[in-house]
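Hi there,

Here is the model I promised to pass on.

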Amino acid sequence: MTSLNFAPAGAAAPRSRQVWGHARTEAGLILRNGEQALLALVIPIGILVAGRFLGAGFGLNFPTLVPSVFALAIWSSCFTSLAIATGFERRYNVLERLAATPLGKLGILLGKATAIALVTTLQLLVLAIVALVLGWRPGFDPPTLLVGVAGCVLAAGAFAGLALSLAGTARPEVTLAVANLVYLFGVVAGALLLPVSSHPGWAQPLVALLPTAALGEALRSGTPSSLIVLAVWCAGTLVVARKVFRWTS
């Protein structure tokens, strides 16, 4: 006769399930946050619609504007939203408490990375659908597509490193203010929406070295040299984040 054992199993869940559960929670929190939804979808969609119907009057080319808006979406999620959310998680000791669970610090980081990747992919999918409805017809040049995909991955790492460096050292109120200011700088002067060539000649070499400009050029024209700039930023910001990030406020 088989006996039933109702004793609780005291082992932790498998690592992959822990990370996936944390990623789902993080992604849900991002999608339910009104300010982050504004940065993630409302503003980019508004720019797409305005660019489609009013862009010609300002010299904006819609086929070029669409990849620029994709770059803006990656910038908003991987830098601004991540920095603000992480800053306030430090303030309320959320990170410290999660780090004491079997999830651990590495699990927290993997979960955050997975959540940001999911949200960013969803953003790009929604924006691509909106752009197609508005008349965007992309070309499929394999080398350009490869540069664009690699640029997105490297830019996501670079922006996340910047976000964690800021959120891991400053107070959340300072992080909130600085993240929004840097976000606006990237939009206005960082060559996210407008190509590097639209900036004054003396500023173009400097602007081209910004990660926002490198991502924009990688998506707009598939410039291979942009990947070098993004790779340097990605490696540098992640190393800095690892050195300066503090888990408690």
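Below is what I found, going from the whole chain down to single residues.

A word on ground rules: this is a predicted model, in which local features need pLDDT of at least 70, side-chain atom pairs count only at pLDDT 80 or more, and totals for chains, interfaces and linings use all residues. Residues are numbered from 1 along each chain as its sequence is written, and side-chain values use heavy atoms, with hydrogens and water left out.

**The whole chain**

The protein chain has 10 helices and 0 strands; here helices (H or I, at least four residues) and strands (E, at least two) are DSSP runs, numbered from the N terminus. Along the principal axes, its C-alpha atoms fill a box of roughly 80 × 45 × 35 Å. Of the 249 residues, 43% count as buried, where buried means under 20% relative accessible area, exposed over 50% and partly exposed in between, with a 1.4 Å probe and protein chains only. Taking contacts (heavy atoms within 4.5 Å) between residues at least 6 apart in sequence, 78% join residues at least 24 apart.

As for confidence, pLDDT is the predictor's own score for each residue, from 0 to 100. The chain has a mean of 88, and 94% of its residues reach 70 or more.

**Helices 2 and 3**

How do helix 2 and helix 3 cross, and how many degrees lie between their axes? The axes of helix 2 (residues 34–54) and helix 3 (residues 62–91) come within 9 Å and cross at roughly 165 degrees. Axes here are lines fitted to C-alpha atoms, for helices over the stretch in contact, with angles from 0 to 180 degrees between N-to-C directions. That makes helix 2 roughly antiparallel to helix 3; the cut-offs are under 35 degrees for roughly parallel, over 145 for roughly antiparallel, 65 to 115 for roughly perpendicular, and oblique for the rest.

The residues of helix 2 that meet helix 3 include Leu39, Ile47 and Leu48, and those on the helix 3 side include Phe62, Leu65 and Ile84. Ser81, which lies in helix 3, is buried, with a relative accessible area of 4%. Leaving aside neighbours within four places in sequence, Ser81 is in contact with Gln36, Leu39 and Ser76.

**Helix 9**

Helix 9 (residues 211–221) has 10 of its 11 residues buried, so it is largely enclosed by the rest of the structure. Among the buried ones are Thr212, Glu217 and Arg220. They pack against helix 3, helix 6 (142–167), helix 7, helix 8 and helix 10. Just after helix 9, Gly222 takes a positive phi of about 65 degrees.

**Two more residues to look up**

Is His22 buried or exposed? His22, found in helix 1 (residues 15–32), is buried, with a relative accessible area of 10%. Not counting residues up to four places away in sequence, His22 touches Leu98, Leu103, Gly107, Ile108, Gly111 and Lys112.

Ser198 sits in the loop between helix 7 (172–189) and helix 8 (204–207), and counts as partly exposed at 43% relative accessibility. Ser198 and Ser77 are 121 residues apart in sequence and 25 Å apart in space, C-alpha to C-alpha.

Best wishes
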